[in-house]
Amino acid sequence: KEVGDRKRAHEKILHQAYHDGLTGLPNRLLFRDRLSLAVAQAKRQGGMLAVMFIDLDRFKSINDDLGHAAGDQLLQAVAARLAKCLREGDTVARLGGDEFTLLLPNIVQREDAENAARKVLSVLSQPFRVIQQEHSTGASVGIAVYPDDGDTVDALIQNADIAMYDVKAQGRNSYAFFSEARNTSYSNRVNLGHELHKAIGAGQLEL
């Protein structure tokens, strides 16, 4: 019995290390592990895969207006709906806050990722019942495809993130693929932010 208890305790610790405590989804660590394996397999086989970065559009207002308990309930409902979008072998993870990622290994063409993004937007556009009330939240979805949009774990996640921020800037509740034009725009915004921060620190701005 003692050996069984130790084994169960070890399994529980392992599960907690690789899964999000609120939603039960894989966390950032497990997602990166699975993406790393998928990239290695795609390199060997000359295949394709897609990474999606999903950010809820109106989560902050619901969280602020109704409280963290309502926000947690919404995140759990979102996780459940996203899990229903998966094919066998796909992975959906919660990175933290209202950010989720989706791994689609073994896709045949970019349209496969596009169809998955449309499905995600469709299931998240339906109202959620939170604290006995119906609330709507859309999502902004950025997509990066291996090997065209990156051939490493970090590049794919970052480029899907860049594409997602471009959707936010364009009006939200949609999806977009990564492109070099988006990368340039994102880099310019980041550089401008750094320059403004330095200018403020040096007292170079005045009204």
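This is a predicted model: local features need pLDDT of at least 70, side-chain atom pairs count only at pLDDT 80 or more; totals for chains, interfaces and linings use all residues.

Student: How do I describe two packed helices?

Tutor: Two packed helices are described by the angle between their axes and the distance between the axes. Helices are DSSP runs of H or I, at least four residues, and strands are runs of E, at least two, numbered from the N terminus. Axes are lines fitted to C-alpha atoms, for helices over the stretch in contact, and angles run from 0 to 180 degrees between N-to-C directions.

Student: At what angle do the axes of H2 and H6 cross?

Tutor: Roughly 115 degrees, and the axes come within 9 Å. H2 covers residues 28-45 and H6 covers residues 153-170. H2 and H6 are therefore roughly perpendicular (65 to 115 degrees; under 35 is roughly parallel, over 145 roughly antiparallel, the rest oblique).

Student: Which residues make the contact of H2 and H6?

Tutor: Contact means heavy atoms within 4.5 Å. H2 brings Phe31, Arg32, Leu35, Ser36 and Val39. H6 brings Val153, Asp154, Leu156 and Ile157.

Student: What about H3 and H4?

Tutor: Their axes are 6 Å apart, at an angle of about 140 degrees. H3 and H4 are therefore oblique to each other. Phe59, Ile62, Asn63 and Leu66 of H3 meet His68, Ala70, Gly71, Leu74 and Leu75 of H4.

Student: How can one helix have two sides?

Tutor: An α-helix has 3.6 residues a turn, so residues three or four places apart point the same way. In H3 (residues 59-66), Phe59, Ile62 and Asn63 are buried (under 20% relative accessible area; exposed is over 50%, partly exposed in between, with a 1.4 Å probe and protein chains only). They cover an arc of only 95 degrees around the axis, which puts them on the same side of H3. That arc is taken from the directions from the helix axis to the C-beta atoms. On the other side of H3, Lys60, Asp64 and Asp65 are exposed.

Student: What covers the buried residues of H3?

Tutor: The cover includes strand S1 (48-56), helix H4 (68-83) and strand S5 (133-135).

Student: Is Ile107 buried or exposed?

Tutor: Ile107 counts as buried, because its relative accessibility is 6%. Ile107 sits in strand S3 (residues 99-107). Its C-alpha atom is 5.3 Å from that of Leu49, 58 residues apart along the chain.

Conventions. Residues are numbered from 1 along each chain as its sequence is written. Side-chain values use heavy atoms; hydrogens and water are left out.
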